[in-house]
Amino acid sequence: MTSRPWQRVSFWVILALLAFALIIALSSLGLKRDAKALPQLVSFPLLAVLVLLLVGEFVPRVQRFFTISWLPAATPGSDNLDEAEGKELERELEEVEREETAGEVLLSDIPWRLVSLVFLGIVLYGVMVLAAGFVVAGLVFTLVFVKWYGGATWQGSLLLGVGTVGVMVALARLLAVDLYPGMLFGGKLPPF
Amino acid sequence: MFDLSPVWAALGQLARPEVFGLMLLGNVIGLVFGVLPGVGGGNAFILFLPLTFGWEPEVAIWFLMGMQGASSFGGSLPAILIKVPGDTVNAVAIFDGYPMTRRGEATRALGIDVMSNILGATIGAIVVIALLPVMRGAVLLFGPAELFWVAIMGLFTIALASGGNFLKGLSGGAVGILFSLIGYSSVIGVQRFTLGRDYLWDGVQLISLFIGLFAIAQVIEFCTAEVPISRLTTGFKGFEGLRRGAVEVFSMPGHLLRSSAIGTLAGIIPGIGATASAFISYSMAIQFSKKKHLFHKGNPEGLVAANASINAKEMGSLIPALGFGIPGSIEGALILAALLFHGLQPGPFLLRDQPGIVWALILSLWISNVFGTLLGLFWANWLSRLMAVRVVYMAPIILVSSLMGVYLVRSNIWDIFMAIFFGVVGYALNKAGFPVVTFVIGFLLGQLAERYFFQATQIGLGDPAIFFDSPISLTIAGITALMVVGVVVSGVRSKRAAAAEVQV
């Protein structure tokens, strides 16, 4: 590994999971005996495993020790494979090895601008549903997304939006579920 | 002498044109609902159940089972074609079905899907018919301690089988368990880890978790990587690909039989859901495969294992439902609801007094599985055209319909934000090399494990020896330990072998 630990996505995800496990472990301390049994049985060993994973980010040997590869079991030429299978596996093996060596994702590999934009779009859609309901939000989101992001025509975007929302509305009617109308149209929020 | 008259009577019902027509209609509805992400066949069943009021019970059973039988195939279609499971149970079909589609082998994957569906259901039906008279005693041998070990074994198996970093697999599963413990526990009677939020009293909703981890994470991936859904249509050679895939299933009898057996057993044991059984079958397929490294990359064996298990499980769930009147799963609960709705009391008396109903249930579920799957083939070609659609057109449709599907389940608007949250979690876990599959299986098994753990400790008056008291517990615990030791040792050996090779 040539990259530094904090340059890798896995390092930050492990830290996030550590924080989550720590919150659960600490919160469970105050619970009664039956209620904390399984949370503690899971969270404390999990903390240990995550710390080991974190160490593995700095010391690659530690990580490699726990890496289970199925490749040796299927190595070409083993007794239970015929020649054709062996060749096929050899080809597949090379492909897998190429993928595995290229598998480490660095923070710099993530297209942050695009990811942020997409994530923001999804959250905005959620907020729009809260404000204006599924029908309006679904229509607007599909229209805007397909028109500007997809570069489709206005007519095509509108058709897709109406079609998508139309099917969902019909389904909701069939299920006798009222789609959330949105706070602007009298929708009430359930307790949060 | 085995009395065949109820069997002929049940088949005779199907010969009536209106019954056959209703079963096919049920198939179509099941397929349509099954295909829609986040909606699923269960909703179709609940929606159409009231319509059957006043029908003959046998006719209603053929119609409702028509839906039930077809929906799992309906759900696997989008899982294979666009990596969005129609229902939670179909998530496992993604792992190898979608990579095959990406390789341009969608029709081959669908052929495998069809045949493994049909054969899994058939094997399940045979087992159910053979076991029905004797199952009651066998199910009762599994107490809470044994069932706790079954849940633990499921988690370890999938963590080991997911390959890569074992610790990442295991920790993903453990995090999944912890998420499942959020909210009010009806078993223990306390609320935990809710951060003072009323919304979290109901815990993390399964549908939000699944739609988030799979559909939303996929939308983010679609939009950011700008990958085409498929490398397109080199694999679309009409029925040749389908035929090839269907025939290929017969070359994997071991996977087919093992997964069908696991699925049927999972159906029989109350509480092990179809999704868990599919994941366990999948992990067992990895254990027994010569091509372990090809799993998650488009290995047909994985697709066979998942689908055969799902359909066999549906058949297996009939045993506790019919024999004991207890739902072994969601599917079992729906079947029980249908029987009760029509004034029939499931349980040993049903077996004794209403053999016609029992056989109608078994045969309708099996036959509708076969018909529904074959019917789905006609849709498959049409649905496969989805892949010719640009990704940017699919993304908003998936997002809007998935989140609306999340809302439809219990009409709580906050569930869609939960799904968005898990979409980000799924995306991050994928990028960090944590297998999402172990997270999901941990979540599914978490509540089960706690229920059995609590019940076992109550029975054992707090003494942990209860978990090692019975031969069944010891056997399952031993198998779990052996799996861990065996795979880790083989991992260490392979490292040494690799090191020795480098030195040479």
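Predicted model: local features only at pLDDT ≥ 70, side-chain atom pairs only at ≥ 80, totals over all residues.
Ile24(A) touches Ser43(A), Leu178(B) and Phe193(B), leaving out residues up to four places away in sequence.

- Ile24(A) belongs to helix H1 of chain A, which covers residues 9–28.
- Is Ile24(A) buried or exposed? Its relative accessibility is 3%, and because buried means under 20%, Ile24(A) counts as buried.
- Along the sequence, Ile24(A) and Ser43(A) are 19 residues apart, yet in space their C-alpha atoms are 6.8 Å apart.

**The nonpolar core**

- The largest nonpolar core has 202 residues.
- Which of its members touch the most other members? They are Tyr125(A) and Phe134(A) from chain A, together with Phe179(B), Leu213(B), Leu339(B), Ile413(B) and Phe422(B) from chain B.
- Take Phe134(A) as an example: beyond its neighbours within four places in sequence, its contacts in chain A are Tyr125(A), Val129(A), Leu139(A), Leu179(A) and Tyr180(A).
- Phe134(A) is also in contact with chain B, through Leu403(B), Met404(B), Tyr407(B), Ile413(B) and Ile416(B).
- Two of these partners, Tyr125(A) and Ile413(B), are also on the list of core members that touch the most others.

**Chain B as a whole**

- Chain B has 504 residues, and 66% of them count as buried.
- Its secondary structure consists of 22 helices and 3 strands.
- If you take the contacts in chain B between residues at least 6 apart in sequence, 78% of them join residues at least 24 apart.

**Helix H14(B) and two partners**

- Helix H14 of chain B (residues 300–316) packs against helix H4 of chain B (residues 57–82) at an angle of about 160°, and their axes are 10 Å apart.
- Why are H4(B) and H14(B) called roughly antiparallel? Angles over 145 degrees count that way, so this pair is roughly antiparallel.
- H4(B) and H14(B) make a right-handed crossing.
- On the H4(B) side, the contact uses Gln68(B), Gly69(B), Ser72(B), Ser76(B) and Ile80(B); on the H14(B) side, it uses Leu303(B), Asn307(B), Ile310(B), Asn311(B) and Glu314(B).
- Sorted by class, the residues in this contact of H4(B) with H14(B) are 3 nonpolar, 6 polar and 1 charged.
- H14(B) also packs with helix H5 of chain B (residues 91–102), at an angle of about 145° and with axes 8 Å apart.
- The crossing of H5(B) and H14(B) is left-handed.
- Here Val92(B), Ala93(B), Asp96(B), Gly97(B) and Met100(B) of H5(B) meet Pro300(B), Gly302(B), Leu303(B) and Ala306(B) of H14(B).
- By class, this contact of H5(B) with H14(B) has 6 nonpolar, 2 polar and 1 charged residues.
- Leu303(B) takes part in the contact with H4(B) and in the contact with H5(B).

**Helices across the two chains**

- Helix H2 of chain A (residues 33–58) packs with helix H21 of chain B (residues 436–459) at an angle of about 125°, their axes being 10 Å apart.
- That angle makes H2(A) oblique to H21(B).
- The crossing of H2(A) and H21(B) is right-handed.
- Asp34(A), Ala35(A), Ala37(A), Leu38(A), Pro39(A) and Leu41(A) of H2(A) meet Gly446(B), Ala449(B), Glu450(B), Phe453(B), Phe454(B) and Gln458(B) of H21(B).
- This contact of H2(A) with H21(B) has 8 nonpolar, 2 polar and 2 charged residues.
- Thr457(B) also lies in H21 of chain B, and its relative accessible area of 15% makes it buried.
- Not counting residues up to four places away in sequence, Thr457(B) touches Gly462(B) and Phe467(B).

Terms used
Residues numbered from 1 in each chain as written. Chains lettered and ligands numbered in written order. Heavy atoms only, no water. Core = buried A, V, L, I, M, F, W, Y, C linked by side-chain atoms within 4.5 Å. Buried < 20%, exposed > 50% of the residue type's maximum accessible area, 1.4 Å probe, protein only. Contact = heavy atoms within 4.5 Å. Axes fitted to C-alpha atoms, helices over the stretch in contact; angles between N-to-C directions. Helix = DSSP H or I, 4+ residues; strand = E, 2+ residues; numbered from the N terminus. Parallel < 35°, antiparallel > 145°, perpendicular 65-115°, else oblique. Left-handed = near helix turned anticlockwise from the far one by under 90°. Nonpolar A, V, L, I, M, F, W, Y, C, P; charged D, E, K, R; others polar.
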